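Please look over the sequence and the model before reading on, and keep both at hand while you follow the report.

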Amino acid sequence: MTLNWKDLASGLVLILVGLLYGYVTLETLPLGSVLEMGPGSFPIVLCSLLVAIGTIICASSLFGARESEFGRVPWRAVFMLSISILLFGTFLRQLGMFPSVFASVFIAAAAEPGFRPLPAAVIALGLAVLCSLIFLKGIGLPVPLFGSFFPA
Amino acid sequence: MEFIDNLGLGFSVALQWQNLLYCLIGVLLGTVVGILPGLGPLATIAMLLPLTFGMSATQSLIMLAGIYYGSQYGGSTTAILINLPGESSSVVTAIDGYRMAQKGRGGPALAAAALASFFAGCVATLIIAVVATPLTRLAVSFGAAEYFSLLLVGLFSSIALASGSIIKAIGMICLGLLIGLTGTDIYTAVPRFTFGQQELVDGIDFVAIAVGIFGIGEILRNLERSGGREAGVAKVTSIMPSRDELRRIVAPSMRGTAIGAFLGILPGGGALLSSFVAYNVEKKVSSNAAEFGNGAIEGVAAPEAANNAGAQTSFIPMLSLGIPSNVVMALMIGAMMVQGIVPGPEVLTKQPELFWGLVASMWVGNAMLVVLNFPLIGIWVRLLTIPYSVLFPAIIAFCCIGVYSVGNSGFDVYVALIAGLIGYILVKLDFELPPFVLGFILGPMLEENLRRALLISGGDLSIFVTRPVSAGLLVVAVVTLIVVSLPAVAKKRKVLFNESD
């Protein structure tokens with residue numbers, strides 16, 4: 001018997017989400033009746049379906065014919081891109097458009113194993129200029145060019 | 001003839017110089033993203049949505065539509081020249097197109113693709129013009145029960161797009177429906193699944209989800225494979241096909257157009273499915289079947305005609321019913337809502353200039369693509385030499401700005417990141433994301449119509465089967481589900497999609 005780990009995990013994910021959302025639904029949302037469906041009735045149907053489908057996938061994973069590769073996870077990319085995006089979302093207002101784009105692009109570029117700081121800085125600078133022109137000059141987004149971190 | 005008057009109105013709008021300009025920008029951008037691997041029309045439209053805030057509704061839709069069908073052209077250019085389909089819809093084009101390029105017939109292959117696409121675009125424009133008015137009249141008579149059944153058809157047929165396990169695709173639909181319910185319940189104003197986050201009370205922003213999944217998640221998948229792409233660009237000497245080649249693409253173009261136009265209208269259809277089916281049909285019926293896979297020009301013309309026809313007719317359900325048949329159309333709906341337009345049958349009656357202007361602009365855009373593509377091929381090929389290490393940080397920046405500017409909030413940027421990471425894991429577990437996204441968009445509509453239908457019927461579930469149109473649609477939904485899960489069809493689907501790898 002070969003166990004298909006990938007399918008087992010997939011099924012478990014669906015079951016977990018179904019149970020979590022199902023629990024939240026039962027705790028917080030009235031179900032109502034067929035005549036007047038409450039805010040909880042449609043979600044509870046979906047949660048039940050998710051648990052059922054997850055169970056089927058788990059069951060079939062026990063008889064999984066082939067195991068497919070999970071492949072490697074580019075941890076470096078996951079980490080760097082997360083920092084780059086979090087930084088942008090959190091500090092855009094304080095940093096302003098130009099420094100935000102520069103920093104985010106530079107950090108994102110480090111996601112690749114073949115990262116070289118100097119070319120990355122050039123790309124980041126170019127994009128910072130470009131984005132500032134397009135989005136501030138061109139479209140007029142309500143974001144400062146340089147934010148409050150940089151006293152004028 | 002009514003539709004001729006309507007098209008006349010459309011062209012008078014589409015040919016205004018600003019609209020021509022936005023159409024040109026759209027198709028050029030579309031071609032560029034179609035050529036660049038790792039950047040598709042979805043991520044592009046999502047990122048550029050904020051650019052359209054300052055435009056009129058007509059201008060923004062004309063530009064966004066141009067990006068969609070322009071990307072089909074760009075995708076086929078790279079498929080033929082370097083065997084690297086820029087878009088999934090041109091995957092099958094690469095099979096015979098690249099062989100032709102290797103044999104020194106890359107130019108005629110490009111010409112065949114462009115001519116077939118243009119022919120399909122003209123026919124599809126006419127079809128939209130003819131079909132839209134009666135379909136809209138029908139749609140006005142639709143009640144909640146009919147809409148519910150129609151949405152089910154859409155959800156079930158999105159399974160046909162999934163290449164892997166059907167049960168997993170259904171799981172993704174349910175998950176999408178559930179996540180899509182986040183926010184305030186419209187009937188009782190109770191917040192649902194917000195987990196105490198004030199930002200979630202208005203729901204999860206669709207643009208953030210789309211950018212996360214198709215922009216950020218895609219980058220992660222691309223960065224798995226380290227190492228650059230080879231740039232073995234085939235030489236293009238002469239573009240003109242021989243008279244014999246021209247003769248051979250006529251019938252495949254027509255068959256491809258018919259298949260694409262039909263599949264495009266179906267919810268869940270669109271460019272991708274159309275090109276696969278057209279290629280396989282052509283392989284069966286062509287008198288030149290033996291040459292398929294070895295550089296048959298028919299194998300280029302048919303899928304290219306089909307994907308362009310499908311891309312255009314997929315606007316029909318979106319424009320007349322307000323229901324997106326695929327994820328790009330869902331983004332178009334988002335763009336309309338930003339402009340304060342509720343998609344649905346009223347658009348045609350209340351804003352005929354918008355509707356017909358958009359339809360006419362698709363024909364104009366297709367003509368532009370044919371004229372522009374040939375002189376610009378040199379530039380397009382050079383685009384391919386941009387290394388991915390330059391491209392992906394730029395995509396990240398545009399994704400972040402795009403998502404931020406939709407609601408002027410950093411919260412949406414976080415949502416995009418989370419969606420990207422979760423989407424990446426789900427793909428790793430062999431789940432497919434288009435059914436999820438479709439479920440996410442259709443979830444609130446599905447629930448609203450279900451609840452309204454039951455209110456009208458006094459809690460009687462039989463309303464869905466006693467109303468004839470609704471019953472008919474439910475039959476279609478069930479048949480769709482049965483057909484895609486038949487073992488024979490499932491096997492076929494697997495072969496079909498694996499051939500493209």
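## The interface between the chains

The model shown here is a predicted one. In it, 61 residues of chain A are in contact with 59 residues of chain B. The size of an interface is often given as the accessible area lost when the parts come together. Between chain A and chain B, the buried area comes to about 5300 Å², and carbon and sulfur atoms give 81% of it. On the side of chain A, the residues that lose the most area to chain B are A:Y21, A:F42 and A:I85, which together account for 13% of what that side buries.

## The enclosed cavity

Rolling a probe the size of a water molecule over the atoms shows where empty space is left. How many cavities of 30 Å³ or more does the structure hold? There is one, and the space in the largest cavity is about 80 Å³.

The lining of the largest cavity is made up of B:Y73, B:S76, B:T77, B:L110, B:A113, B:A114, B:N373, B:F374 and B:I377. At least two residues of this lining come from each of helix 4 (57-82), helix 6 (106-140) and helix 16 (352-383) of chain B. Sorted by class, the lining has six nonpolar and three polar residues, with no charged residues.

## The second largest pocket

The second largest pocket holds about 1200 Å³ of space. It is lined by 46 residues, of which B:M337, B:I441, B:P444, B:M445 and B:E448 are the closest to its centre. By class, the lining of this pocket divides into 28 nonpolar, nine polar and nine charged residues.

Which helix of chain B gives the most to the lining of the second largest pocket? It is helix 19, with nine residues. Several other elements of chain B each supply at least two residues of this lining, among them helix 6, helix 7 (144-158), helix 8, strand 1 and helix 9 (206-224).

B:L7 belongs to helix 1 (residues 2-14) of chain B. Is this residue buried or exposed? B:L7 counts as buried because its relative accessibility is 11%, and the cut-off for buried is under 20%. Apart from its neighbours within four places in sequence, B:L7 is in contact with B:L126, B:A129, B:W356 and B:V359. Although B:L7 and B:F355 are 348 residues apart in sequence, their C-alpha atoms are 9.9 Å apart in space.

B:T182 sits in the loop between helix 8 (166-180) and strand 1 (183-184) of chain B. With a relative accessible area of 8%, B:T182 is also buried. A polar atom of the side chain of B:T182 lies 2.7 Å from the backbone oxygen of B:I179. When its neighbours within four places in sequence are left aside, B:T182 is in contact with B:R192, B:F193, B:L200, B:G203 and B:I204.

## Two residues with a positive phi

B:F195 is not a glycine, yet it has a positive phi of about 50°. This residue is found in the loop between strand 2 (191-192) and helix 9 of chain B, and B:F195 is partly exposed, with a relative accessible area of 47%.

B:D430 likewise has a positive phi, of about 70°, without being a glycine. Its place is the loop between helix 18 (410-428) and helix 19 of chain B. With a relative accessible area of 34%, B:D430 is partly exposed.

Technical notes: Residues are numbered from 1 along each chain as its sequence is written. Chains are lettered from A and ligands numbered from 1 in the order in which they are written. Side-chain values use heavy atoms; hydrogens and water are left out. On a 1 Å grid over the protein atoms alone, a cavity is a set of points where a 1.4 Å probe fits but cannot get out, and a pocket is an open set with protein on both sides within 12 Å along at least five of seven lines; lining residues have an atom within 4 Å of a point. Grid points are joined across faces, edges and corners, and a volume is the space filled by probe spheres set on the points. Helices (H or I, at least four residues) and strands (E, at least two) are DSSP runs, numbered from the N terminus. Ala, Val, Leu, Ile, Met, Phe, Trp, Tyr, Cys and Pro count as nonpolar, Asp, Glu, Lys and Arg as charged, and the others, Gly among them, as polar. Buried means under 20% relative accessible area, exposed over 50%, partly exposed in between (1.4 Å probe, protein chains only). Contact means heavy atoms within 4.5 Å. A polar contact is a pair of N or O atoms within 3.5 Å; within protein, one must be able to donate a hydrogen and the other to accept it, and residues adjacent in sequence count only if both atoms are side-chain atoms. Buried area is the accessible area (1.4 Å probe) that two parts lose on being put together, summed over both.
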